[in-house]
Amino acid sequence: MAQTVAPPTATPSALPAKLPLSAIAPWAVFFGILMLVLLYFVGAEQGATSVVSGEDVHEWVHDARHLLGFPCH
């Protein structure tokens with residue numbers, strides 16, 4: 001019983017595609033603004049700086065406010 005071994009062939013290595021900064025920048029700006037708005041609502045949306053009247057937003061983010069170390073009482 002004879003066995004033959006095929007010689008190894010060189011396979012081209014797959015290189016990751018280069019993603020230009022101009023494709024990432026709009027998404028980075030969008031998520032940066034979104035995070036700043038979220039930080040405002042969690043950290044400062046109450047009292048004199050309130051944009052939304054009432055206590056609804058305060059109650060919705062109350063636990064997150066304590067978890068992140070913002071005082072609210």
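This is a predicted model: local features need pLDDT of at least 70, side-chain atom pairs count only at pLDDT 80 or more; totals for chains, interfaces and linings use all residues.
## About the model

Local features need pLDDT of at least 70 and side-chain atom pairs count only at pLDDT 80 or more, while totals for chains, interfaces and linings use all residues. Residues are numbered from 1 along each chain as its sequence is written, and side-chain values use heavy atoms, with hydrogens and water left out.

## Overall form

Let's start with the whole chain. Its C-alpha atoms fill a box of roughly 85 × 35 × 20 Å along the principal axes. The radius of gyration is 27 Å, whereas a compact globule of 73 residues would have one near 11 Å (taken over C-alpha atoms; the globule rule is 2.2 Å times the number of residues to the power 0.38).

Of the 73 residues, 11% are buried (buried means under 20% relative accessible area, exposed over 50%, partly exposed in between, with a 1.4 Å probe and protein chains only).

Trp27 and Phe30 sit three residues apart in helix 1, so about one helical turn separates them (helices are DSSP runs of H or I, at least four residues, numbered from the N terminus). Trp27 is exposed at 55% relative accessible area, and Phe30 is partly exposed at 43%.

The structure holds three aromatic pairs (ring centres within 6.5 Å, using the six-membered ring of Trp; planes under 30 degrees apart are stacked, over 60 edge-to-face, the rest tilted). The Trp27 and Phe30 rings are edge-to-face, because their centres lie 6.3 Å apart and their planes meet at 90°. Ring pairs also bring Phe31 into a cluster with Trp27 and Phe30.

Technical notes
Helices (H or I, at least four residues) and strands (E, at least two) are DSSP runs, numbered from the N terminus.
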